Number of protein chains: 2
Amino acid sequence: MFSEISTTDLVTQISRQITEAIVTGRLKPGTRLTELQLSREFGTSRAPVREAARLLESQGLVVFSPRRGFFVRTLTAVDLRDIYELRIGLELHAASLALERIGQAEVAGLERQIEKLYRLADAGSAESQIFEDFAFHRMLCAASHNTRLVKVYDELATEMRAGITLIGKLYDDPHRIAETHEPIVAALKKGDRKELLEALRDHITVAQEAVVALFHRIEKDDTDAQNGPVWHCG
Amino acid sequence: MFSEISTTDLVTQISRQITEAIVTGRLKPGTRLTELQLSREFGTSRAPVREAARLLESQGLVVFSPRRGFFVRTLTAVDLRDIYELRIGLELHAASLALERIGQAEVAGLERQIEKLYRLADAGSAESQIFEDFAFHRMLCAASHNTRLVKVYDELATEMRAGITLIGKLYDDPHRIAETHEPIVAALKKGDRKELLEALRDHITVAQEAVVALFHRIEKDDTDAQNGPVWHCG
DNA sequence: AATTGTCAATTTGTCGACAATCGGCACCGC
DNA sequence: GCGGTGCCGATTGTCGACAAATTGACAATT
C-alpha cells in the first residue's frame, strides 16, 4: 500500500554510485580504489565503503586483492565473449519461457519500448538509446516471470554496459538498432518459438561479434604500443 | 612453485563457514543472524562478519533488512521452481558449448565421476553422493570453458543444496542417481546435440519436479498447522 | 479485552584508532 | 653498473566505542 520509506542505506548508495562511475567510464579499468579516498569522496568512514566494494566484487565489477585493495576490473575480449555467450543462453531461455507466460500488457510494453528506440534514434542521443536498448532486453527477460533469471541478467547487463562504454558506440545507424528489435517481438506475438530464438540469437550475436572484435583490436593496440594503457582516475 | 600461503582473509573464511552452515541445514531458514553472536562465535569483531554477511546476501543465501539485520533466506516452492528452471537454461547451454569444446581429459573426468557415484551408492553414503552429484554437473558446466557461466552455476548450486538439505533425500534408489548420468555422457561422446539436450533436460526436470513438489507439501503443512515453522538456531 | 503509549534492553550503523603489511626508494656490496 | 637489502610512507585488516533505531514487554486508557 504505502511505498517503502526509501532509506536506502549508505552501503547501497555508495555501491550504486561506484557502479554508475564504472559503467559510464568515469572510473577506468585498472584504477585502484583506495578506501580512504572513496570515503573522503562520499563523506563517510571506510567501513561502508569496504562493504560496498565487496558487493561490487561479487558482481564482478571490481576485483579484490587481499592486502592490496580493490581495482576496477579490466574486461578482456575473452571476458566479453563469455559474457555475451552466457547472455545468449540466458536470454533465449527467458524468451522461450516468456512465450508461454507473457501477458498482453508486457507485449505492449515491448512495442512501446521499440518506439522509444526510434524516437531516440531521431533525437540522436546515442547514450540514452543504449540505455533503453538494455531496458528492452530486460523487459523481455522479465516476461519469463522468473525473478532469479532476471537477477542474473541484471548483473550481466552491468558488465556489458561497462564493456560497451569503453567502446563508445556500437552501431553506425541508430535506426538499425530500433529495427533489429522488431522481428523479436513479431515472432513473440506469432508464438513462433523457432523464429523467436533465431531472431534473438542473431540479434545478440551481432552485438557480441562487434564488441569482441573491438576488444581484440584494443588489446592488440595496447600490446603494440609498449606503454601500458594510461589508466588513472581523473 | 610454492603453494599459496593460504591466508584466506577472515571475510572469506567466515562467509564460507556460514554458507556451509546454511547448506547443511545447521542454520535453518528464517534464523536471524545477529552480528554480535556471530562475531563471538568466530572470535572476531563485527566488521568482518558484516562484510561476509553482505556477500552471502548478494548470493541470495541470506536476506538483509536495513536496521533489522540478516536472516537466513527461506526458499519457497516458487523460488525452487525458478532456480531449477534457470539451471535448465544454464546447464543445457553449457552442454551445448561443451559439445564443441570439451577435451578428452574432461570426458574421462565425467566418466570417473559417474563411477564414483556408483561406489558411493554401494557405500550407502547419501550425503556425499549428493555432493558428488553436484560435482558432476559442475564439471559438465566447466567443459563449456566459459568461466562466467560456471560462476553463475556455482551460486545456483549452493542455493539448490540449501533447498535439498531441507528435504533430506531426493531419490529412493541411490543406484538410479548414478545411472541417470550415463545417457548424458553417452550423448556427449557421440556428439549428438539433440540427444544430449534431451537427456539433460529430462535429468534436471526429474529433480526439479521432486524438489518443487516436496516444497509445495512443506508449505501446505506449514499453513495447515497454524503455528509457524519452529525456526531457531540450535 | 483490545489497543495504544512508554520504556528498557538489544542490535544495527558508523566512526576513529591502531597494528600488520605492502610498494617504492635509497643505500650498499659486488 | 647492477642486483639485493633494509627502511619509510601509505594502505589495508581489524577492533572497540558510541549514537540511533528496533524489539518486546508492561502499563495505561478507552
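Reader: By class, what residues make up the surface near DNA strand C?

Author: That surface has nine charged, six nonpolar and five polar residues. Please bear in mind that the model is predicted.

Reader: Which backbone atoms lie by phosphate oxygens of DNA strand C?

Author: There are contacts from both chains. For B:R67, a polar backbone atom is 2.9 Å from a phosphate oxygen, and for B:E35 a backbone N or O atom is at 3.3 Å.

Reader: Where does B:R67 sit in chain B?

Author: B:R67 belongs to the hairpin of β2(B) and β3(B), which has three residues between the strands, and its phi is positive, near 70°. Strands β2 (residues 62–65) and β3 (residues 69–72) of chain B pair in the antiparallel sense over four bridges. Within this pairing, B:V62 stands opposite B:V72.

Reader: And A:R67, what is its phi?

Author: The phi of A:R67 is positive, about 70°, although the residue is not a glycine. A:R67 is in the loop between β2 (62–65) and β3 (69–72) of chain A.

Reader: Is A:R67 buried or exposed?

Author: A:R67 counts as exposed, because its relative accessibility is 88%.

Reader: Changing topic: how many disulfides are there over all chains?

Author: The search of the whole structure finds zero. A:C141 is in no disulfide, and the nearest cysteine sulfur, that of B:C141, is 19 Å away. Likewise, B:C141 is in no disulfide, its nearest cysteine sulfur being that of A:C141 at 19 Å.

Reader: Is A:C141 buried or exposed?

Author: A:C141 is buried, with a relative accessible area of 0%. B:C141 also counts as buried, at 0% relative accessibility.

Reader: What about helix α7 of chain B, how many residues has it?

Author: Helix α7 (residues 147–167) of chain B has 21 residues. From its first C-alpha to its last it reaches 30 Å, close to the 30 Å expected at 1.5 Å a residue.

Reader: Why is α7(B) described as largely enclosed by the rest of the structure?

Author: The reason is burial: 15 of its 21 residues are buried, so α7(B) is largely enclosed by the rest of the structure.

Reader: What happens at the start of α7(B)?

Author: A side-chain oxygen of B:N146 reaches to within 3.1 Å of the backbone nitrogen of B:R148. In the loop between α6 (126–142) and α7 of chain B one finds B:H145. The phi of B:H145 is positive, near 55°, in a residue other than glycine, and B:H145 is partly exposed, with a relative accessible area of 39%.

Reader: Lastly, which residues of α1(B) are buried?

Author: They are B:V11, B:I14, B:S15, B:I18, B:T19, B:A21, B:I22 and B:V23. Helix α1 (residues 10–23) of chain B has 14 residues and reaches 20 Å from its first C-alpha to its last. The helix is followed by B:G25, whose phi is positive, near 85°.

Methods:
Residues numbered from 1 in each chain as written. Chains lettered and ligands numbered in written order. Predicted model: local features only at pLDDT ≥ 70, side-chain atom pairs only at ≥ 80, totals over all residues. Heavy atoms only, no water. Helix = DSSP H or I, 4+ residues; strand = E, 2+ residues; numbered from the N terminus. Expected span 1.5 Å × (residues − 1). Buried < 20%, exposed > 50% of the residue type's maximum accessible area, 1.4 Å probe, protein only. Polar contact = N/O pair within 3.5 Å; in protein donor to acceptor, adjacent residues only side chain to side chain. Nonpolar A, V, L, I, M, F, W, Y, C, P; charged D, E, K, R; others polar. Pairing = 2+ DSSP bridges. Disulfide = S-S within 2.5 Å.
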